[in-house]
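Me: I have a structure open and would like to talk it through before setting anything up. Can we start with the pocket and then move on to the rest?

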Amino acid sequence: MKTPNISKAEILNAFNFRHATKEFDTTKKVSDEDMKFLLETAHLSPSSFGFEPWHFIVVQDKELRELLKPVAWGAPLKLDTASHFVLGLSMKAPMVKYDADYIMHMMKDVKQLPEDVIEMYSKFYREFQERDFDLDSDKKLFDWSSKQTYIALGNMMTSAALTGIDSCPIEGFHQEKAEALLKEKFGVDTEKYGLSFMVAFGYRKADPEFGKSRRNFEDIVTFK
């Protein structure tokens, strides 16, 4: 595997280029190839224990986009103008609890671990959950899954910026109503998956009015 050949200046330029695009140019579309590339960066993203507790739905159907508007107050303009609109789903407790079938599937079929390693991994994963989580709280396990799914979100948005594609992450949605809609109209098993985020991709209609504002580097970093 070759070492990536990209300069630090190019990476920082992409971070400066990226902004939360509120309105996209409807005359410009992200190509299928580029969108597949962005989704592949999500696919290759790291996750705790490598269990990939996520699923991504690309919503291109106009009727489905319209249905999302009433349950996602932060999304209507993006739903109208974005080239591509993605829902980030995270696995709930029945999928990620230490004794779930999915966890065994990941270790046995996807990672193809030897039986002795599966036994060791399972023991460590169970201890991790019992020690660090209240296993009676489904919310805590969903929050843990969401943390992993956000890594994929960050990687998609950074990869988009590196290739000149704009994005906007969206958390402005009603969780219960949105998931009811996903169950009814999108065929999502909401016993297994919950909605963590929405994200829009496309090309900005106009440059942002103001540049980036951030706290001083020294205010957010401490070296010991």
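**Pocket, helices and a salt bridge**

Reply: Gladly, and the lining of the largest pocket divides into two nonpolar, four polar and five charged residues. Please keep in mind that this is a predicted model.

Me: Which residues line the largest pocket?

Reply: The lining of the largest pocket consists of Thr26, Lys29, Gln60, Lys62, Arg65, Glu66, Leu79, Asp80, Thr81, Ala82 and Ser83. Two helices, α3 (62-68) and α4 (76-81), each supply at least two residues of that lining.

Me: And what volume does the largest pocket have?

Reply: The volume of the largest pocket comes to about 210 Å³.

Me: OK, stepping back, how many helices and strands are in the protein chain?

Reply: The protein chain has ten helices and four strands, and read along the sequence they follow the pattern α-α-β-α-α-β-α-α-α-α-β-α-β-α. Taken along the principal axes, the C-alpha atoms fill a box of roughly 55 × 50 × 35 Å.

Me: At what angle do α2 and α8 pack?

Reply: Helix α2 (residues 32-43) and helix α8 (residues 138-162) pack at an angle of about 145°, and their axes are 8 Å apart. The crossing of α2 past α8 is right-handed.

Me: Which residues make that contact?

Reply: From α2 the contact uses Phe37, Leu38, Leu39, Thr41 and Ala42, while α8 brings Ala152, Asn155, Met156, Ser159 and Ala160. Sorted by type, the residues of this contact are seven nonpolar, three polar and no charged.

Me: Now α6 and α7: how far apart are their axes?

Reply: The axes of helix α6 (residues 101-110) and helix α7 (residues 115-132) are 11 Å apart, with a packing angle of about 145°, and the crossing of α6 and α7 is right-handed. On the α6 side Ile103, Met104, Met107 and Lys108 take part, and they meet Ile118, Tyr121, Ser122 and Tyr125 in α7. The residues of the contact of α6 with α7 divide into six nonpolar, one polar and one charged.

Me: Changing topic, how many salt bridges does the structure hold?

Reply: The structure holds ten salt bridges, and one of them joins the side chains of Lys205 and Glu23, at 3.2 Å from N to O.

Me: Where do Lys205 and Glu23 lie?

Reply: Lys205 is in the loop between β4 (193-202) and α10 (217-220), whereas Glu23 is in the loop between α1 (8-17) and α2, so the pair ties together parts that are 182 residues apart in sequence.

Terms used
Residues numbered from 1 in each chain as written. Predicted model: local features only at pLDDT ≥ 70, side-chain atom pairs only at ≥ 80, totals over all residues. Heavy atoms only, no water. Axes fitted to C-alpha atoms, helices over the stretch in contact; angles between N-to-C directions. Left-handed = near helix turned anticlockwise from the far one by under 90°. Contact = heavy atoms within 4.5 Å. Nonpolar A, V, L, I, M, F, W, Y, C, P; charged D, E, K, R; others polar. 1 Å grid on protein atoms, 1.4 Å probe; cavity = no way out; pocket = protein on both sides within 12 Å on 5 of 7 lines; lining within 4 Å. Points joined across faces, edges and corners; volume = space filled by probe spheres on them. Salt bridge = Lys/Arg side-chain N within 4 Å of Asp/Glu carboxyl O.
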